[in-house]
Amino acid sequence: MSNFEHVHHAHCESGVISSMLRHYGLNISEPMVFGLSNALNFAYIPFVKIGGMPLVAYRSIPKAIIKNIKKNLKIDMKLETFSSKKKGEDRLDELLDEGKIVGAQSSVYWLSYFPKEMRFHFNAHNLLVYDRDGDEYLISDPVFQDSVRCDKASLTKARFAKGALAPKGLLYYPVSIPQKIDLKPIIAKNIKKLSKTMLRKFVPIAGIKGMRYLAKAIKELEPKDKKYAKLFLGNIVRMQEEIGTGGAGFRFMYASFLQEASEMFDNDEVLKESSKMMLEVGDEWREFALMIAKSIKSKKEIDFRAISEKLIEISENETKVYQKMLTFKAKV
Amino acid sequence: MDINSVPQDDSTTYAKMKKAIYAHDEDGKLQTVASTGWDIEEIVTQQAVDDIEDSIKDAYEEVKSGEKSPLYYHMFAARMDLLVLAQSTGFFQWTIKKHFKPTVFAKLSDKKLLEYCDVLGVSLDEIKKLPQGTK
């Protein structure tokens with residue numbers, strides 16, 4: 001598979017799908033994959049804990065990109081999980097020997113090419129295996145600048161890590177890909193869909209409502225243990241920036257999708273403006289992160305109210321982006 | 001964010017890695033730029049790493065003083081907590097808690113220990129004691 005080309009992407013799952021489709025002749029950018037799979041989101045789920053801290057997510061649940069791309073672009077994609085490590089190993093080798101490139105879900109912790117600083121127990125990482133060399137796999141990990149290698153034992157351990165979001169050895173690969181797809185109706189439909197999802201009022205933990213819920217939780221940290229409060233705040237930013245490029249990063253990527261979409265619709269002004277607004281919201285998420293990091297470092301009392309208000313402000317500005325997106329009328 | 005504002009802070013938590021970030025050029029065109037790190041991100045990552053390191057250190061002392069079994073130390077050393085270890089092994093949390101007791105742990109069969117070894121990534125020899133030469 002010497003003609004495979006590794007590209008450095010911002011996010012693992014959208015990166016794998018983009019590289020995979022491009023390899024098979026369907027030229028589609030990472031932001032386009034991200035936008036067409038409705039991957040942007042926000043959720044604050046206090047009853048799901050990771051490392052003792054509540055789950056904060058800035059995008060849709062893992063595997064949603066794979067599944068939505070499959071559905072929305074009508075791509076015949078096969079997803080396989082395995083009951084034993086041996087079966088999972090053999091199947092991967094078999095697919096590679098057929099000349100396929102294969103997506104795989106894995107834990108980050110056991111991947112030997114990851115630096116120790118980044119190895120946490122996060123089971124929903126995605127990578128692309130494009131060849132093997134003896135007992136080593138040649139891997140295109142989208143979040144790495146260059147392609148990497150991983151020994152068989154480590155990759156197997158990573159693919160079969162147990163616990164929350166356990167990958168169960170998941171492999172995925174396209175069976176057939178249409179060489180030409182009219183993206184415009186799909187773009188129009190999903191821009192509308194995403195806006196509606198984010199503005200939805202009856203799910204308190206997701207979308208804009210989720211942001212406001214988190215803002216409330218931040219305000220309520222005031223009387224709590226200081227160390228806990230700092231870890232809680234740090235966790236919000238860590239989820240934002242560390243695990244899979246984060247809130248700001250995802251908003252920048254979605255802005256890039258809107259820009260590409262605008263170009264496809266003859267420089268549509270509504271989409272162009274939405275893209276700009278989304279970029280600004282991304283910058284605000286970064287200011288929010290800055291505010292929190294400063295308060296963690298500082299010896300002074302933390303101004304929980306100010307942090308909470310900043311998040312409310314972001315939620316209001318992000319609301320405006322989705323309202324703008326809803327005014328988009330596709331000339332298909 | 002414009003491409004010139006993409007932070008290039010050489011964060012130690014990136015370990016020489018670079019992350020791709022979407023940013024716009026002078027004409028407003030969005031593209032990826034490789035970032036060597038961001039101080040803000042480093043602060044919160046380091047906070048989490050320090051928290052883990054503290055737990056490992058505390059666990060080491062508790063095992064050394066005989067309060068807890070070596071399993072307790074190895075759990076933290078593998079960056080896990082009780083919940084993750086329970087999910088990874090399939091054991092109940094209360095079962096694992098019992099195994100944190102040195103007297104109970106000493107009686108565990110090799111078969112059971114090997115299940116822990118597998119998810120923690122240590123050998124049968126290693127899991128029975130504290131590592132040499134660490135603090």
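Predicted model: local features only at pLDDT ≥ 70, side-chain atom pairs only at ≥ 80, totals over all residues.
Let's begin with how chain A is divided. Its domain assignment gives two parts: domain 1 covers 76–176, and domain 2 covers 183–326. If you take the centres of those two domains over C-alpha atoms, 31 Å separate them.

Now, on to the inside. The largest nonpolar core has 103 residues, and the members that touch the most others in it are A:Val129, A:Phe252 and A:Tyr254. Which helix gives the most to this core? That would be helix H10 of chain A, residues 269–297, which puts in 10 residues.

Let me go back to A:Tyr254 for a moment. Leaving out residues up to four places away in sequence, A:Tyr254 touches A:Phe34, A:Gly35, A:Leu40 and A:Met278.

Finally, let's see where the chains meet. Here 39 residues of chain A are in contact with 31 residues of chain B. On the chain B side, four elements each supply at least two residues: strand E1 (19–24), strand E2 (30–35), helix H1 (39–64) and helix H3 (82–89). H1 of chain B gives the most, with 9 residues. And what kinds of residues make up the side of chain B that touches chain A? They divide into 18 nonpolar, 7 polar and 6 charged.

Methods. Residues numbered from 1 in each chain as written. Chains lettered and ligands numbered in written order. Core = buried A, V, L, I, M, F, W, Y, C linked by C-beta atoms within 7 Å. Buried ≥ 20, exposed ≤ 12 C-beta atoms within 10 Å, placed from the backbone. Contact = placed C-beta atoms within 7 Å. Nonpolar A, V, L, I, M, F, W, Y, C, P; charged D, E, K, R; others polar. Domains from an automatic or database assignment.
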